[in-house]
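Biologist: Could you take a close look at one part of this chain with me? I would enjoy a walk through it with the cut-offs spelled out.

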Amino acid sequence: MRSRRILFVVFAVVASVLSTVAAGAIIGPANDDAANAAEIDSFPYRMTQSNEGATSEDGEYTICNTPGDETVWYTFTATSSEALFYSATADDWYPYVWVFKGEPGADPGDLTPVNPCGDYWNIIQTVPGTTYY
């Protein structure tokens, strides 16, 4: 399996999380599922993360004929109305970033898409008190 890396950028603070390899088995990232999304506490925010070992969970969206595959999840709750820029890059493949609002239920399909066609970058207008994934 080739290694994939995602650079999730929403302006500038840096943190680093890597998948763990134990006894030859690849363990997926902790934020592999929507229910375990990594909390973004403040902006600006910058994250470099490997999605090696990540999976797609039952009920993940297929948006614009592109299925969620090897997904990692982040979440934040907007405290004000802001134009929020986000982007992602990868070494040797084309990443997609989808933004949803709401709360995940039994599966991620319970979330409402904010950007109907995910791309590697976009700008959304946040609404105070709304939780985004």
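Is T75 buried or exposed, and what is its relative accessibility?

Modeller: Happy to. A word on the source: this is a predicted model, where local features need pLDDT of at least 70, side-chain atom pairs count only at pLDDT 80 or more, and totals for chains, interfaces and linings use all residues. Residues are numbered from 1 along each chain as its sequence is written, and side-chain values use heavy atoms, with hydrogens and water left out.

Now to your residue. T75 counts as buried because its relative accessibility is 7%; buried means under 20% relative accessible area, exposed over 50%, and partly exposed in between, with a 1.4 Å probe and protein chains only. T75 sits in strand β9, a strand being a DSSP run of E with at least two residues, just as a helix is a run of H or I with at least four, numbered from the N terminus. If we skip residues up to four places away in sequence, T75 touches A37, A38, E39, I40, T131, Y132 and Y133; contact here means heavy atoms within 4.5 Å.

Strand β5 (residues 38–39) runs parallel to β9, joined by two bridges, and two strands pair if DSSP finds at least two bridges between them. Within this pairing, E39 stands opposite T75. Strand β14 (residues 131–132) is also joined to β9 by two bridges, but this pair runs antiparallel. There, F76 has Y132 as its bridge partner.

Leaving aside neighbours within four places in sequence, Y74 is in contact with N31, A37, A38, I40, Y45, M47, Q49, Y132 and Y133. In the largest nonpolar core, which has 15 residues, Y74, F76, I124 and Y132 touch the most other members. Such a core is a set of buried Ala, Val, Leu, Ile, Met, Phe, Trp, Tyr and Cys residues joined through side-chain atoms within 4.5 Å. At least two of its residues come from each of β6 (45–50), β9 (74–77) and β10 (83–89), and β10 gives the most, with three. Apart from this core lies another one, of seven residues, W73, W98, F100 and L111 among them. In soluble globular proteins, nonpolar side chains tend to be buried together.

V127 counts as partly exposed because its relative accessibility is 43%. Not counting residues up to four places away in sequence, V127 touches A78, S80 and Y132. From V127 to A83 there are 44 residues in sequence and 9.6 Å in space, C-alpha to C-alpha.

For the setting as a whole, the chain has 14 strands and zero helices. Of its 133 residues, 38% count as buried. Among the contacts in the chain with a separation of 6 or more, 74% are between residues 24 or more positions apart. The accessible surface comes to about 7300 Å², and carbon and sulfur atoms account for 54% of that; the areas come from the Shrake-Rupley method with a 1.4 Å probe, and for residues only the protein chains shown count as cover.
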